[in-house]
Amino acid sequence: MERYYKIVEEALQVIGVDPEHARNAEEGQWSIFRDEIEVFVDLWSSGKEPQWNYYFKEEDIPFLQVIAPITTLPVFNLDEFYEELLEINRHLFYATFVVNKEQNMLAVKYRSVGLELDVDEATQAIESVSYYAEYFQPRLIQKFRVQPV
């Protein structure tokens, strides 16, 4: 995993973030900010358990996830909200909207199997999630009267 950690830290440097300041207490976890939005970068190994892993015949597959919680879910017009998210998802690159009903939260997320991970892909993932989070948060807040997370 050390090789993959170095790739992520190089990507953080490319976007102008000091990896040392972005590291969290847990190895393989970093946090950065895009304005007020916190973006979480996580790199982990699948271990021996298949979980949601479609690479079920292999062990210790690296995964990269970049996620930025951006708003609460609306109280009203939830169907319209979901419909809009699905429409927008068709146009996004390196990211998608995800809903966590349990935490009443909308996030922008990227997740990939990291077998071929390189600095360019890690940079694109971090930049894409950060950009879409920053771009869509105020628009969704205004249109659906949701709250920032």
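Begin by selecting V99, whose bridge partner in β5 is L106. The structure is a predicted model, in which local features need pLDDT of at least 70 and side-chain atom pairs count only at pLDDT 80 or more, while totals for chains, interfaces and linings use all residues. Residues are numbered from 1 along each chain as its sequence is written, and side-chain values use heavy atoms, with hydrogens and water left out.

**The hairpin and its sheet**

Strands here are DSSP runs of E with at least two residues, helices are runs of H or I with at least four, and both are numbered from the N terminus; two strands count as paired if DSSP finds at least two bridges between them. Four residues lie between the strands of this hairpin, and N104 takes a positive phi near 55 degrees there.

Now show the open sheet of five strands, which has the order β1-β2-β3-β5-β4 with antiparallel pairing. Because β1 (29-34) and β4 (96-100) stand at the edges with a single partner strand each, one side of each is left without a neighbour in the sheet. On average, neighbouring strands of this sheet are turned by 30 degrees against each other, direction ignored; axes are lines fitted to C-alpha atoms, for helices over the stretch in contact, and angles run from 0 to 180 degrees between N-to-C directions.

Next, select residues 37-45 and 62-72, the antiparallel strands β2 and β3, which six bridges join. Within this pair, W44 stands opposite F63 in β3.

**Helices across the sheet**

Colour helix α1 (residues 2-14), which lies across β1, β2 and β3 and runs at about 15 degrees to β1. The 13 residues of α1 should span 18 Å at 1.5 Å a residue, and its end C-alpha atoms are 19 Å apart, which agrees; the expected span is 1.5 Å times one less than the number of residues. Show the side chains of Y4, Y5, I7, V8, E9, A11 and L12, which are buried in α1, where buried means under 20% relative accessible area, exposed over 50% and partly exposed in between, with a 1.4 Å probe and protein chains only. The buried residues of α1 pack against α2, β1, β2, β3 and α4, contact meaning heavy atoms within 4.5 Å. Just after α1, G16 takes a positive phi of about 90 degrees.

Then move to helix α3 (residues 78-89), which lies across β3, β4 and β5 (105-113) and runs at about 150 degrees to β4.

**The nonpolar core**

Select L64, V66, F97 and L140, which touch the most other members among the 38 residues in the largest nonpolar core. Such a core is a set of buried Ala, Val, Leu, Ile, Met, Phe, Trp, Tyr and Cys residues joined through side-chain atoms within 4.5 Å. The elements giving two or more residues to this core are α1, β1, β2, β3, α3, β5 and α4 (119-144), and the largest share, nine residues, comes from α4. Centre the view on L64: leaving aside its neighbours within four places in sequence, L64 has contacts that include V8, V41, L43, Y110, L117, A122 and A125.

**Salt bridges**

Finally, turn to the charged side chains, for which a search of the whole structure finds five salt bridges, each defined as a side-chain nitrogen of Lys or Arg within 4 Å of a carboxyl oxygen of Asp or Glu. Select R23 and E9, which form a salt bridge with their closest N and O atoms 2.6 Å apart. R23 lies in the loop between α2 (19-22) and β1, and E9 in helix α1, so the pair ties together parts that are 14 residues apart in sequence. R23 counts as partly exposed at 42% relative accessibility, whereas E9, at 16%, counts as buried.

Next select E134 and R34, whose side chains meet in a salt bridge (2.9 Å, N to O). Because E134 lies in helix α4 and R34 in strand β1, this pair ties together parts that are 100 residues apart in sequence.

End at K143 and E84, a salt bridge in which the closest N and O atoms are 2.6 Å apart. This pair links distant parts of the chain, with K143 in helix α4 and E84 in helix α3, 59 residues apart.
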